[in-house]
Amino acid sequence: MNLPVPPPPRRVRLKPWLVAQVNSRQYPGLQWVNAERRLFCIPWRHATRHGPQQDDDNTIFKAWAKETGKYTEGVDEADPAKWKANLRCALNKSREFSLLYDGPRDTPPQPYKIYEVCAAGPTPPESLMGEEYGCGPGEEEEEEEELQRMLPTLSITVTDLEIKFQYRGRPPRALTISNPHGCRLFYSQLEATQEQVELFGPVSLEQVRFPGPEDIPSDKQRFYTHQLLDVLDRGLILQLQGQDLYAVRLCQCKVFWSGPCAAPDHPGPNPIQRERKTKLFSLEQFLNELILFQKGQVPTPPSFEIFFCFGEEWPDLKPREKKLITVQVVPVAARLLLEMFSGELSWSADSIRLQISNPDLKDRMVEQFKELHQLWQSQQRLQPAPPGPSSQDPGTGPWPMHPAGMH
């Protein structure tokens with residue numbers, strides 16, 4: 001059986017074709033915003049955003065793929081993401097269109113772009129005419145594929161850990177440590193030495209002492225808290241190994257934990273066995289789950305917070321806030337990545353989050369912030385936008401008609 005051979009890609013002039021489609025008004029949302037100024041709107045729901053799926057059977061992206069011979073009905077497999085990438089590349093390459101508006105930062109149901117039809121520039125060489133409609137090598141990946149490719153290659157580490165101590169009913173005490181080996185949480189007057197590695201772990205670990213119980217007002221609570229602290233001499237090690245974080249319990253005090261690496265059949269909280277390594281967090285696992293969330297394949301973002309309860313059974317009938325001693329550990333890199341892709345972190349020069357770290361932490365995190373910022377810039381086009389303009393009045397809409405740079 002001979003399958004039909006698809007026609008070769010055709011050389012199509014983008015400007016006259018696309019202007020004709022805008023005038024036809026046959027594609028929902030594709031319309032003039034200001035006909036006199038030659039501004040038109042294209043609905044542009046990003047593949048990594050969540051919401052109702054577009055009608056892929058009646059889009060300008062599919063029409064462009066058919067017009068250029070990139071897609072033949074009944075022969076080629078439908079690929080809406082590739083269709084969108086092809087038109088995006090064609091618009092980016094063309095000198096006859098200029099992207100003026102890519103939506104604000106708030107979350108809309110109908111993202112869109114506004115383009116201006118420019119005066120004809122110099123005629124490109126004949127060798128370029130056939131490329132006007134297509135993407136170069138590597139450009140056909142849609143945004144979520146670019147994210148999947150880029151994230152694992154970043155040299156992001158779990159070096160920085162935010163640690164928050166919480167005693168029942170008292171204000172939490174937080175600090176951030178930056179040590180490539182990790183840290184030891186303990187309560188003792190004994191110093192870790194090279195000769196006592198078997199007792200207290202490697203001396204290369206950051207030595208983090210539990211806060212004292214002196215400011216606990218309740219005599220009974222202070223007594224029991226001190227009883228637990230008194231058996232925390234050897235402590236709990238939080239060991240960094242590659243991109244993973246582990247716990248090793250050395251102390252006599254029992255420790256229960258919950259976190260992202262708990263086994264699905266035992267989500268926790270679970271006890272930490274003494275002097276046995278327990279995986280708490282995996283950056284690779286977190287990135288994979290973040291990609292699935294960005295692609296809309298899972299409903300919730302990945303978790304990254306780790307909680308410990310010292311010296312009391314957990315879970316039980318008491319909420320975590322009623323426990324005598326709890327500790328929260330957050331891998332800083334994971335929180336930054338999630339905030340960045342959730343649009344919650346401002347990366348302007350006066351970002352508040354960039355001002356809260358102590359000098360040692362800021363110095364150590366500078367390279368990570370640079371890489372995260374570069375990744376954020378490449379994802380800016382993923383930011384959503386408000387609903388498209390009303391078809392009844394092409395001169396008005398929910399956006400300013402003369403934003404900066406449109407004159």
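User: Contact means heavy atoms within 4.5 Å. Which residues does Phe-310 touch, not counting residues up to four places away in sequence?

Analyst: Phe-310 touches Phe-210, Leu-228, Leu-232, Leu-236, Cys-253, Lys-254, Val-255, Ile-325 and Val-327 on that count. This is a predicted model: local features need pLDDT of at least 70, side-chain atom pairs count only at pLDDT 80 or more, and totals for chains, interfaces and linings use all residues. Residues are numbered from 1 along each chain as its sequence is written, and side-chain values use heavy atoms, leaving out hydrogens and water.

User: Which residues have the most contacts inside the largest nonpolar core?

Analyst: Phe-310 is one of them, along with Phe-210, Leu-238, Phe-286 and Phe-308. That core has 46 residues. Helix 9 gives the most to it, with five residues. Apart from it lies another core, of 25 residues, including Trp-17, Leu-18, Trp-32 and Ala-65. A core here is a set of buried Ala, Val, Leu, Ile, Met, Phe, Trp, Tyr and Cys residues joined through side-chain atoms within 4.5 Å.

User: Where does helix 9 lie?

Analyst: Helix 9 (residues 332-341) lies across strand 5, strand 6 and strand 15. It runs at about 60° to strand 15. Angles go from 0 to 180 degrees between N-to-C directions, with axes fitted to C-alpha atoms, for helices over the stretch in contact. Helices (H or I, at least four residues) and strands (E, at least two) are DSSP runs, numbered from the N terminus.

User: And what is the order of the strands in the open sheet of six?

Analyst: The order is 6-5-15-14-11-12, with antiparallel pairing. Strand 6 (173-178) and strand 12 (270-271) are the edges, each pairing on one side only. Strands pair if DSSP finds at least two bridges between them. Strand 5 and strand 6 share six bridges. Ser-178 in strand 6 is the bridge partner of Asp-160.

User: Switching to helix 7. Which residues are buried there?

Analyst: Gln-221, Thr-225, Leu-228 and Leu-229 are buried in helix 7 (residues 219-229). Down the helix axis they fall within an arc of 95°, so they line one face. The arc uses directions from the axis to the C-beta atoms. The face turned away carries Asp-219 and Lys-220, both exposed. Buried is under 20% relative accessible area, exposed over 50%, partly exposed in between (1.4 Å probe, protein chains only).

User: What do the buried residues of helix 7 pack against?

Analyst: They pack against strand 5 (160-167), strand 14 (306-310) and strand 15 (325-331).

User: Last one. How many residues lie between strand 1 and strand 2 in their hairpin?

Analyst: Four. Arg-38 in the turn has a positive phi of about 60°. The two strands pair in the antiparallel sense over three bridges. Gln-31 stands opposite Cys-41 in strand 2.
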